Amino acid sequence: MRPGAQQYVVARPLYSEESFAEEHEKVYRQRKTMLDHFVQYFRILCHCRCDRKRAKNAALSLLPIIGWIKIYKLKEWLFSDIVSGISTGLVAVLQGLAYCLLASLPPWYGLFSAFFPVVIYFFLGTSRHISVGPFPVLCLMIGSVVTRIVPDEGPPLNITGFEGLTSDEQRVLVASSVTFLVGIMQLAMGILQVGFVVMYLSDTLVSGFTTAAAIHILVSQLKFVLGLQVPGLSGPFSLIYTLEIIFNKITSTNVCDVVISLVILVVVFIVKEINERFKSKLPVPIPIEVIMTVIACGVSYAFDFKKRYGIEVVGYIPKGYESPMAPNLPIFQETAVEAFPMAIVGFAVAFSVAKVYSVKHDYTIDGNQELIAFGVSNIFGASFKSFAASTALSRSAVQESTGGKTQVAGLISALIVMIVTLAIGFLLEPLPKSVLGAVVIVNLKSMLMQVREIPYLWRRDKPDCVVWLATCVAAVLLGLDLGLAAGLGVELLSVVLRVQFPRCSVLANIKGTDVYKDRKDFINIYEPDGVMIFRIPSPLFFANIEFFRSKLLELGFNPLRVLRKRNKALRRIRRLLKKGCLQWTSVSVMRQRSTSLILAHELDLPTDFKDLPARINWNAELPANIVVPRVDIHSLVLDFAAVSFLDISALKGLKTVLKELIRIEVMVYIVACDPYVLQKLHDCCFFDDEVQSSMFFLTLHDAMLHILEKHPEATERKADFGKVTNCLF
């Protein structure tokens, strides 16, 4: 005993599940069915109309602004929100123009996406710190749909509603219709309370997916950085084909675009590193993207880069907003499969960022309300020709790091975007597109640096590393939509394989305790002769019941084979007794019926000694050269502490295994069984004359003490275990 160690002494009866249930009365709880939950849900909705308090709670849940606006500290928070809103708004203008290129749309439509969704999220969103607007991965996914339906080269798909529209107008119609559909899907998921679907996108999968998306974004911006005319491609291997076209046209590179891009990349990268390193000393981050954009606009206008060097500029930006537009229903049918992953990815990224800031600033967010907020934002924005919105990591970081306290900062950033759209957008007309491409590329640093996770994942969790690599490679080669589906498939497969092939172990008692651990991990252990403790660390279901059975066979014997051998041996003994070739030494031979023919299935029946004068010790030496496999254990304990559920296939397989073991005189005990699992066994008529409920024990130690009572010779050979029984019970 360790000096000064805390001890506890327990004196209680030895409990099986049956004896514990007899002594301790349970509280009856009526389990609600799915129908009961539906009835309760709609009853609450109906009562909300009449119940003032419930109506108030419903309003607060649907309009979170009511909750936080009441606690808004005007004097303390307003100035910070204004500073943050202005800083975020300037970045939002630039990123709106830049990310719009990823969507293969005219740049000024990015300003719409940085305005309309922000206004709606101000009222409906639960996060106080994320900056809603264009997200590069989502823009790229929209761009792949746009270029598939309205390609750069060749005619568009034959869709009703394209008649009389220019190529840009057709693309805007496609992007807004897809966004409207994404919004409908997100709103539906929010209303149906299925925000939990994002839980299936693990951090590893999202990391691999966003890294692949960053590679796609990088390649898509090379044509602007190099000043090349490269058609937008979509579908599997589109990235490979795009690189092939770029390399074939590399001799046509515009040197002016390359120089501008390199200058922007170097300067912005250096200043961003300074912002990161000295963020605690800087009152606000240096808005280097905005500064460089203003400088590039001035230089491009002064030296007339468009005519002198032939570079591509943003061009005409119309003032004001365009009239609302209804979505195109045929486009819904054409893009439904691609819209669903957009809805999931947009919500997953925004929710994960919102969750980080909610933990940091100690407030709660509601996943289902976030789905509703983004759904309504995208539906409303799509009506005014914006494309799908989520949140950009860098823009949200600016809003939070510059002191933003609430979505008032987001509303002010939307006002900045509106001012640019209505009044000063023309100043951005000479801006080279290579500047926007460089800004997009430099903001990919955090996503591209996620490749550093690979060595860490390989050392810590190889299946997670495989998920990361499979998702990234699939998304790079097959496209983001198919890549996400492939990554999700690999992720679910890895979970199934881990559960299908769990790490089963044989446990042993740690001397002087009631603790049982893997026998391979400890030296000072005690194992009674003839007893084996087998731990199953996962649920049992149709996919792993055979694995469980095979692991039991690795204990040293096949119970069905042993049973058949014993029945064959018993048949031979009966024959020899009948012929008089054998006789019992202490008891006379009983009259034997003829057993000249035994069917094959009879060999699987329990061994029958009723017409013999005594039982046969199968581990002793048998006469007439009869050989039967030895079974060195008399008791098998199955630790079900980690078995959370059983399906019907596993239930049947488990019963078969138990019967095979019981028929060869190996007593089976199941310990720490979940009450739900035990109740299911009763409901499914699992128990019979052979498999009885008395084999279930409350704890592993209860079962061990019961075994030692039935087989006291084990305690005589191993006196150390007496310390356990004396100390604890």
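Which residues make the nonpolar surface patch of about 810 Å²?

Modeller: Happy to walk you through it, with the reminder that this is a predicted model. The patch is made by Val266, Phe269, Ile270, Ile274, Phe278, Ile286, Ile291, Ile295, Val299 and Phe303. Two helices, H12 (255-277) and H13 (288-303), each supply at least two residues of it.

Let us follow H13. This helix has 16 residues, and from its first C-alpha to its last it reaches 22 Å, close to the 22 Å expected at 1.5 Å a residue. Phe303, one of the patch residues, sits in H13. Its relative accessibility is 44%, so Phe303 counts as partly exposed, since that class lies between the 20% limit for buried and the 50% limit for exposed. Just after H13 comes Asp304, which takes a positive phi of about 50°.

H13 also has buried residues: Ile288, Glu289, Val290, Met292, Thr293, Ala296, Cys297 and Ser300. Their cover includes H12, along with helix H5 (74-102), helix H14 (305-308) and helix H19 (433-442).

The largest nonpolar core has 120 residues, and Val137 and Val174 touch the most other members. Helix H15 (residues 329-361) gives this core its largest share, 15 residues. Apart from that core lies another, of 39 residues, including Cys504, Phe548, Leu552 and Ile633.

Key: Residues numbered from 1 in each chain as written. Predicted model: local features only at pLDDT ≥ 70, side-chain atom pairs only at ≥ 80, totals over all residues. Heavy atoms only, no water. Patch = residues over 30% accessible without salt bridge, like charges linked within 9 Å, V, L, I, M, F, W, Y side chains within 5 Å. Areas by Shrake-Rupley, 256 points an atom, 1.4 Å probe, with all protein chains shown as cover. Salt bridge = Lys/Arg side-chain N within 4 Å of Asp/Glu carboxyl O. Helix = DSSP H or I, 4+ residues; strand = E, 2+ residues; numbered from the N terminus. Buried < 20%, exposed > 50% of the residue type's maximum accessible area, 1.4 Å probe, protein only. Expected span 1.5 Å × (residues − 1). Contact = heavy atoms within 4.5 Å. Core = buried A, V, L, I, M, F, W, Y, C linked by side-chain atoms within 4.5 Å.
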